[in-house]
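Work through these exercises with the sequence and the 3D view open. Try each task before you read its solution.

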Amino acid sequence: MPFATVASDNLGGVGGTCVLRGCVPKKLLVYASKYSHEFEESHGFGWRYGTEPKHDWSTLMTNKNLELQRLLGVQTNMLKNSGVTIIEGRGKVVDPHAVSVDGKLYTAKNILIAVGGRPSIPDIPGIEHVIDSDAALDLPSRPEKIAIVGGGYIALEFAGIFNGLKSGVHVFIRQKKVLRGFDEEVRDFVADQMSLRGITFHTEQTPQAVTKSDDGLLTLKTYKGSIHGFSHVMFATGRKPNTKNLGLEEIGVKLDKHGAIVVDEFSRTSVDSIWAVGDVTNRVNLTPVALMEGGALARTIFGNEPTKPDYSAVPSAVFSQPPIGQVGLTEEKAIEKYGDVDVYTSNFRPLRATLSGLPDRVYMKAIVCANTNKVLGVHMCGEDAPEIIQGIAIAVKAGLTKQNFDATVGVHPTTAEELVTMRSPTRKVRTDAADETKMKDEATRQK
């Protein structure tokens, strides 16, 4: 499909969601939005400004889109230099070995479906007034006041972006807590930290309707009441596999109830010659995982080396503010799988905050199997968490033990050194409830 910042049935571009309408532009906006917090921090270090820093929205959008165009060119050249023929148009699978693109037929021994996902928005009254994550990355002007509906990582990332760029931000979530599926203590910690930065959370609120008044402002109505005065309402209520109108069901490719393509361990669909990788299969929806699946598929089909994707110890990040990095099992999943675990936690004020005077804190957590001493999971919320967790992921993937962590010399003074200096467990969880010991959080007390 030809390039567009907002995807449609006829527009997209080489690079897909991550490069053009996801990770990359999102991270660029995160960088832009972090400066306001850094300006605030700088005062405690002696910096003074003659005037209040001002942000020019159009400069950010222009430069962001120039970078997307550059990346589009890089991706396109990479394909061409690899001998790939690019056919732009609307494709539809018409039989197990043929794809029709705008009426022209192309045949192949194997067909790979890697169309990803797209934002999923509920059909409620006034939904035409709502924007999704595509549009939120390319707005013509800064929202004065925005309602973000959703409690997942996309919602939190955009909440941080708009808050940092000085929009009024309200987040509406259906549950009691943000980030379902993440470690429980991390969920609490990140919500507290984001609230301290001025984001308002409305919990257990399901959207019912969006209305637009004569002054152009929007009202979000939930089952608990209505809030008026939003310039924008954004829905970040999940994503769905982009399988509509691809012709898959007609030729016998099995889809699940969410529209995801059902595949076996080698990414093969219910039709032998058709394969699928990435978010369209709704396995682990992360760009590097899709790359791994694609690599495994290439070895399976062309390398005569049947290879299954390995989903163990996949690290991930949430570029919220503060950001989250995680790898391995949550405490809840570790207890479910291993029973006896030792939990190490640290909740502390980083060195930077001692002079900035801001209420920023860092939370770290390591979950260890009590029987083998193997580190099962590491979770962190705080500045640089995504960068730190990438290195830690190597250790967790390699199956290293808590002794290996303890024997590693820390880099001082850094936040990351805390991960190799947590010596005493905060609590020991044992499957026999009578033996379960919960000790006070020594790390917090000491800090």
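Predicted model: local features only at pLDDT ≥ 70, side-chain atom pairs only at ≥ 80, totals over all residues.

**Exercise 1.** With which residue does Asp406 form a salt bridge, and how far apart are the closest N and O atoms?

*Solution.* Start with two ground rules. Residues are numbered from 1 along each chain as its sequence is written.

Step 1: know the term. A salt bridge puts a side-chain nitrogen of Lys or Arg within 4 Å of a carboxyl oxygen of Asp or Glu.
Step 2: find the partner. Asp406 pairs with Lys402, and the closest N and O atoms are 2.6 Å apart.
Step 3: Helices here are DSSP runs (H or I, at least four residues), strands are runs of E (at least two), and both are numbered from the N terminus.
Step 4: check the cover. Buried means under 20% relative accessible area, exposed means over 50%, and partly exposed is in between (1.4 Å probe, protein chains only). Lys402 is buried at 3%. Asp406 is partly exposed at 25%.

**Exercise 2.** Which parts does the salt bridge between Lys397 and Asp310 tie together?

*Solution.* Step 1: take the distance. The closest N and O atoms of Lys397 and Asp310 are 2.6 Å apart.
Step 1: locate both ends. Lys397 lies in helix α10 (residues 385-397), and Asp310 lies in the loop between α7 (287-302) and β15 (316-318), so the pair ties together parts 87 residues apart in sequence.
Step 2: check the cover. Lys397 is partly exposed at 42%. Asp310 is partly exposed at 38%.

**Exercise 3.** Where do Asp188 and Lys177 lie?

*Solution.* Step 1: confirm the bridge. Asp188 and Lys177 form a salt bridge, with the closest N and O atoms 3.2 Å apart.
Step 1: Asp188 is in helix α6 (residues 184-196) and Lys177 is in the loop between β7 (168-172) and α6, so the bridge ties together parts eleven residues apart in sequence.
Step 2: widen the view. The whole structure has 21 salt bridges. Asp183, Glu185, Glu331, Lys365 and Arg427 are linked in a network of them.

**Exercise 4.** Which residues touch the most other members of the largest nonpolar core?

*Solution.* Step 1: know the term. A nonpolar core is a set of buried Ala, Val, Leu, Ile, Met, Phe, Trp, Tyr and Cys residues joined through side-chain atoms within 4.5 Å.
Step 1: name the residues. Of the 39 residues in this core, they are Ile148, Phe158, Phe162 and Met234.
Step 2: find the suppliers. α2, α3 (57-81), β6 (145-149), α5 (153-164), β7 and α6 each supply at least two residues. α5 gives the most, with seven.
Step 3: zoom in. Leaving out residues up to four places away in sequence, Phe158 touches Ser133, Ala136, Leu137, Ile148 and Met234. Contact means heavy atoms within 4.5 Å.

**Exercise 5.** What does the UniProt annotation say about residues 13-294?

*Solution.* Step 1: read the record. The unreviewed UniProt entry annotates these residues as "domain: FAD/NAD(P)-binding". Such annotations may be inferred rather than shown by experiment.
Step 1: describe the span. Residues 13-294 are 31% helix and 21% strand, and their end C-alpha atoms lie 19 Å apart.

Notes
Heavy atoms only, no water.
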